[in-house]
Amino acid sequence: MLPLPSQHPHCTWPSSSNHVMKTEQGGGGHFRGTRGRRGGKMAAPLELKCWGGGWGLPSVHCESLVVLAYAKFSGAPLKVSVIDNTWRGSRGDVPILTSEDNIVSQPAKILNFLRKQKYNADYQLSAKQGADTLAYIALLEEKLLPAVLHTFWVENDNYFNVTKPWFASRIPFPLSLILPGRMSKRALNRILLTKGEPPLYHLKEVEAQIYRDAKECLNLLSNRLGTSQFFFGDIPTTLDAYVFGFLAPLYKVHFPKVQLQEHLKQLTNLCRFCDDILSCYFRLSFAGFSPAGQDIVDANLQKLTQLVNKESNLIEKMDDNLRQSPQLPPRKLPTLKLTTADEESNSFQPLSP
Amino acid sequence: MSLVAEAFASQVAGKVPFIHVGNQVVSELGPIVQFVKAKGHSLSDGLDEVQKAEMKAYMELVNNMLLTAELYLQWCDEATVGEITHSRYGYPYPWPLNHILAYQKQWEVKRKMKAIGWGNKTLDQVLEDVDQCCQALSQRLGTQPYFFNKQPTELDALVFGHLFTILTTQLINDELSEKVKNYSNLLAFCRRIEQNYFEDKERVPLRLA
């Protein structure tokens with residue numbers, strides 16, 4: 001299970017930060033301190049159900065990651081529970097936010113709900129920047145999301161070697177045979193229905209088109225980010241949450257087929273952006289691997305040691321067999337003793353045509 | 001979409017709009033823009049990289065929100081479907097083909113809506129999204145004549161196309177056009193383009209009553 005975000009070490013950030021709670025309380029202070037002061041006034045605890053993490057990320061699922069990042073940026077105290085009751089997951093309802101009797105499901109709606117609860121990461125933006133946010137989010141959803149879905153769920157090598165085992169390991173037994181397949185079909189469906197219109201008929205052409213679009217989108221994002229810390233100056237906003245949510249899984253998860261990941265890694269400012277957010281807001285996950293990541297590493301190490309031990313046992317056995325078998329007379333290898341004449345002719349030979 | 005054009009499109013199995021140059025047919029906005037650019041005419045040459053990124057982002061916003069909302073209103077709102085869309089879509093075909101094709105198209109559109117997460121949206125939520133989109137466009141336009149500098153770009157063309165259609169197409173309920181009419185700078189923008197570029201070919205005057 002992931003550590004709850006409420007137990008994360010705080011991130012020191014400039015005092016003119018975006019925590020609405022701080023300005024209301026009228027003082028600087030640590031993240032934890034203000035939350036404590038606010039805690040007495042809070043109406044209801046907010047609980048988020050989402051997919052778990054791996055490879056140094058708090059969550060491997062794009063939409064869950066968007067919500068987690070936004071909650072960090074806006075200071076919303078979320079209780080994160082990693083779900084394994086996944087009939088909701090198959091219908092695309094993950095992540096889900098529950099608060100008292102409100103159940104909110106898609107990331108856009110969840111973010112709206114959080115904003116209404118006064119956890120707003122955008123209140124310092126101008127109207128034009130707010131409009132830009134909407135536009136860039138639309139760009140992400142139209143151009144980048146199909147390719148991300150394809151990389152995770154449709155590309156056979158990736159799906160069978162990485163995505164399916166990962167999700168299947170987090171779903172109880174009989175469902176683990178069905179649900180990943182269903183999610184994969186849903187992703188393919190979405191890609192084909194939105195992008196597979198004439199004149200693109202063949203899946204290969206659709207794939208080529210969506211990867212072209214995704215690379216262009218990554219380039220545009222990189223141009224827009226430039227050298228600044230976040231997309232709108234020094235304070236992370238909704239757009240940063242969305243970009244992080246879509247890019248981080250692409251950046252961190254190890255896939256066999258990596259063309260989009262390679263392209264992303266060449267855009268160093270986007271990689272720096274993801275790493276910054278991970279190290280600052282999800283410090284536990286980044287600095288020392290999340291416990292899930294650590295478990296994976298330990299398990300791999302164990303398997304490796306077992307393999308090595310087996311190999312060394314085998315080699316010992318072979319050695320023993322050799323020693324016990326009847327000894328053959330050692331073969332005499334012809335020794336090369338070159339006479340001077342031979343040496344000369346040998347040395348001249350390479351030069352002859 | 002004119003019926004002749006639809007019939008042509010269904011025969012050529014391409015999409016409207018298209019341009020016919022010599023023996024080449026190029027359809028849809030994106031490829032047409034590329035084609036024209038290859039011939040040496042481009043509207044967005046004067047923009048720097050950041051502005052080009054913004055332009056592309058806003059174009060996606062329009063495609064994502066306005067286009068989907070228009071589709072929703074045409075095909076998923078029962079009143080509109082029954083009164084207008086079915087008969088308009090099936091008009092060129094004989095019975096029973098007109099009904100079959102109309103239902104098939106409706107089923108396809110509903111499938112697409114469900115895939116992108118709009119399946120459970122009510123009409124009010126869709127209108128709210130349109131409002132948000134118009135607000136974003138209005139804020140981006142501000143008091144400028146066009147979205148970028150003083151010259152129109154592809155974004156202006158796209159926005160004009162959608163807004164003009166919304167404002168001039170009569171549907172059962174006018175809520176969609178009412179949402180757009182709330183933003184006076186968008187109205188002025190449409191008027192301006194219509195007057196500057198279309199006034200010799202007056203087809204449907206912009207009724208702003």
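Author: What follows describes the aromatic rings, together with the charges placed over them. The model is a predicted one. A pair of aromatic rings is described by the distance of the centres and the angle of the planes. Over all chains, the count comes to 16 aromatic pairs. In one of them, A:Trp153 and A:Phe167 lie 4.9 Å apart from centre to centre, with 45° between the planes, and the pair is tilted. This pair links distant parts of the chain, for A:Trp153 belongs to helix H6 (residues 127-154) of chain A and A:Phe167 to helix H7 (residues 156-168) of chain A, 14 residues apart. A:Trp153 and A:Phe167 are both buried.

In chain B, the ring centres of B:Tyr146 and B:Phe189 are 6.5 Å apart and their planes stand at 75°, so this pair is edge-to-face. Here too, distant parts of the chain are linked: B:Tyr146 is in the loop between helix H6 (123-141) and helix H7 (154-168) of chain B, whereas B:Phe189 is in helix H9 (residues 184-198) of chain B, 43 residues apart. Both B:Tyr146 and B:Phe189 are buried.

To return to chain A, A:Trp153 and A:Phe167 are members of a cluster linked by ring pairs, which also takes in A:Trp51, A:Tyr159, A:Phe160 and A:Trp166.

Charged side chains also meet rings in chain B. B:Lys121 lies over the face of B:Trp118, at 4.1 Å from the ring centre. Likewise, B:Arg140 has its charged end over the ring of B:Phe148, 4.7 Å from the centre of that ring.

Definitions and conventions: Residues are numbered from 1 along each chain as its sequence is written. Chains are lettered from A and ligands numbered from 1 in the order in which they are written. This is a predicted model: local features need pLDDT of at least 70, side-chain atom pairs count only at pLDDT 80 or more; totals for chains, interfaces and linings use all residues. Side-chain values use heavy atoms; hydrogens and water are left out. Rings of Phe, Tyr and Trp (its six-membered ring) pair if their centres lie within 6.5 Å; planes under 30 degrees apart count as stacked, over 60 as edge-to-face and the rest as tilted. Helices (H or I, at least four residues) and strands (E, at least two) are DSSP runs, numbered from the N terminus. Buried means under 20% relative accessible area, exposed over 50%, partly exposed in between (1.4 Å probe, protein chains only). A charge sits over a ring if NZ of Lys or CZ of Arg is within 6 Å of the ring centre and within 35 degrees of the ring normal.
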